[in-house]
Amino acid sequence: INGLEVNVPVKASETGTLFGSVNNIMVADALKAQHDIEIDRHKIAINEDRIKELGQYTATVNLHREFKVELKLNVVREEAE
């Protein structure tokens with residue numbers, strides 16, 4: 001899963017500011033929905049202090065004490081139903 005891209009849909013304003021912030025639960029849910037990969041949310045660390053805007057970010061998944069992989073996060077506007 002190293003380098004895998006995950007789209008994280010969020011609610012955002014017209015200017016791209018998020019209503020809330022992206023967390024590891026959202027990343028785990030998106031990973032399961034898009035790639036059918038189940039990872040414990042506690043093993044996912046987002047590499048930014050707080051994600052508050054649309055854009056591209058990275059997260060680290062701690063699969064084992066000495067084995068970590070990077071995920072590419074695309075924080076995108078949630079589509080209206």
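Select T58: with a relative accessible area of 30%, T58 is partly exposed, a class that lies between buried (under 20% relative accessible area) and exposed (over 50%), judged with a 1.4 Å probe and protein chains only. The model is predicted, so local features need pLDDT of at least 70 and side-chain atom pairs count only at pLDDT 80 or more, while totals for chains, interfaces and linings use all residues. Residues are numbered from 1 along each chain as its sequence is written, and side-chain values use heavy atoms, with hydrogens and water left out.

**Stop 1: around T58**

Stay on T58. This residue sits in strand β5. Strands here are DSSP runs of E with at least two residues, helices are runs of H or I with at least four, and both are numbered from the N terminus. Now show the neighbours of T58. Leaving aside those within four places in sequence, T58 is in contact with I46, N47, E70, L71 and L73. Contact means heavy atoms within 4.5 Å. Pick L73 next. T58 and L73 are 15 residues apart along the chain, yet their C-alpha atoms are separated by 5.4 Å. Then pick K72 in β6, the bridge partner of T58.

**Stop 2: the hairpin**

Select residues 55-64 for β5 and residues 67-77 for β6. The two strands pair in the antiparallel sense over nine bridges. Two strands count as paired if DSSP finds at least two bridges between them. β5 and β6 form a hairpin, with two residues between them.

**Stop 3**

**Stop 4**

β1 and β6 pair in the parallel sense over six bridges. Colour β1 by face. V6, V8 and V10 make the covered face. E5, N7 and P9 make the uncovered one.

**Stop 5**

Which residues are joined by salt bridges that share partners? Select K32, D36 and E38, which these salt bridges join into one network. A salt bridge is a side-chain nitrogen of Lys or Arg within 4 Å of a carboxyl oxygen of Asp or Glu. By this rule the count comes to two. K32 meets D36 at 2.9 Å, N to O. K32 also bridges to E38, with the closest N and O atoms 3.5 Å apart. Now check cover. K32 is partly exposed, at 35% relative accessible area. D36 is exposed at 58%, and E38 is exposed at 66%.

**Stop 4: a nonpolar patch**

Switch to a surface view. I1, L63 and F67 make a nonpolar surface patch of about 250 Å². Patches are made of residues with over 30% relative accessible area and no salt bridge; like charges are joined within 9 Å, and nonpolar side chains (Val, Leu, Ile, Met, Phe, Trp, Tyr) within 5 Å. Areas come from the Shrake-Rupley method with a 1.4 Å probe, and for residues only the protein chains shown count as cover. Click L63, a β5 residue. L63 counts as partly exposed because its relative accessibility is 31%.

**Last stop: R50**

Finish at R50, in the loop between β3 and β4 (51-53). R50 is exposed, with a relative accessible area of 58%. Draw a distance to R65, 15 residues from R50 along the chain. The two C-alpha atoms are separated by 24 Å.
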